[in-house]
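Let's walk through this one together, a piece at a time. Have the sequence and the 3D view open side by side.

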Amino acid sequence: MSSGCEAVAKELQRIVGGKPVTITAARGARLGGFAGRQPRWASHTVVVSRGRVYDSYTGIQGMLIEDYKKLWQFPGDLNFGF
Amino acid sequence: MPLPYDLDGVRTRTTMYVGFAEFDIVAAYIDGLNAATHDSLLLGFREWLVPRVGGGTNLVWSEIVLLYLAFPGVADPRAQLQEAGNHARAIECLFTNLEEFWAERYRSSGMRAIYLRFQAWLKRQEWYSPEFPDWIDDEGIGVKGIGPGGPG
């Protein structure tokens, strides 16, 4: 039922390596829109490995960091940590 | 202990406070109160909710209430919310849990118990490990990036 991004990140990390990173809001309590949806996340954990970001949206092919940040509605107001 | 900031009034006479008795509007009203109190109103609420429902660490508190408590096991809780009477059901579920949280938080050592329970729940999760960004080494009481004994 939970989006379970932490468990997904753990699994992806086993495959692609890298490290888990948690995206948080620099302001407000929510991360805002992501990929055209409003998931109502307070945080989102992904894996960053060799310049690519991996989560349940990207799958194991991942996405370039720059492209991944563009998926967010308010990227300038998020703490990406990468 | 009654809920603060006249929230009992919001619960029983919702439309007098927020116009429409809709779950997201009530949740936004409470979020507004929380912001006005510099996040002190809901301090510990997510940490209280997560072990209770067994998930939702990445979700905002209102989504945890909706998905796990108001409509557990429902494939599309937001669609369910639109059916007759379900906003009232979800709003009551929200206040029931908020009231229970509030009562525990103001018990002696209540807040400490809430966070200890949350920490114990985290430690049972397979994904929670030292490389996890929010990891806390509670054996050595070292927060990641800050050694035992804290900063300074």
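In what order do the elements of chain B run from the N terminus on? The run is α-α-α-α-α-α-α-α-β-β, and chain B holds eight helices and two strands. Helices here are DSSP runs of H or I with at least four residues, strands are runs of E with at least two, and both are numbered from the N terminus.

Before going further, a word on what you're looking at. This is a predicted model, in which local features need pLDDT of at least 70 and side-chain atom pairs count only at pLDDT 80 or more, while totals for chains, interfaces and linings use all residues. Residues are numbered from 1 along each chain as its sequence is written, with chains lettered from A and ligands numbered from 1 in the order in which they are written.

Let's stay with chain B. Its C-alpha trace spans about 50 × 35 × 25 Å along the principal axes.

Now zoom in on helix 3 of chain B, residues 23–36. Its 14 residues reach 20 Å from the first C-alpha to the last, close to the 20 Å expected at 1.5 Å a residue; the expected span is 1.5 Å times one less than the number of residues. Which residues of helix 3 of chain B are buried? They are B:F23, B:V26, B:A27, B:I30 and B:D31. These cover an arc of only 140° around the axis, which puts them on the same side of helix 3 of chain B; the arc is that of the directions from the helix axis to the C-beta atoms. The spacing makes sense if you recall that an α-helix has 3.6 residues a turn, so residues three or four places apart point the same way. On the other side of helix 3 of chain B, B:G32 and B:A36 are exposed. The cover over the buried residues of helix 3 includes helix 1 (7–12) and helix 7 (86–105) of chain B. After helix 3 of chain B comes B:H38, with a positive phi near 55°.

Another positive phi in chain B, about 65°, belongs to B:S109, which is not a glycine. B:S109 sits in the loop between helix 7 and helix 8 (110–123) of chain B, and it counts as exposed, with 9 C-beta neighbours inside 10 Å.

Over to chain A. Strand 1 and strand 2 of chain A pair in the antiparallel sense over six bridges (pairing takes at least two bridges found by DSSP between the strands). One bridge puts A:V21 with A:V46 in strand 2 of chain A. Strand 1 of chain A also runs antiparallel to strand 5 (residues 78–79) of chain A, joined by two bridges, and there A:T24 stands opposite A:N79. In the loop between strand 1 and strand 2 of chain A you'll find A:A35, which is not a glycine but has a positive phi of about 55°. A:A35 is exposed, with 12 other C-beta atoms within 10 Å.

Finally, how do the chains meet? In all, 20 residues of chain A are in contact with 16 residues of chain B, where contact means C-beta atoms, placed from the backbone, within 7 Å of each other. Helix 1 (5–16), strand 1 (19–25) and strand 2 (43–49) of chain A each give two or more residues to the side of chain A that touches chain B. The largest share, five residues, comes from helix 1 of chain A.

Definitions and conventions
Contact = placed C-beta atoms within 7 Å. Buried ≥ 20, exposed ≤ 12 C-beta atoms within 10 Å, placed from the backbone.
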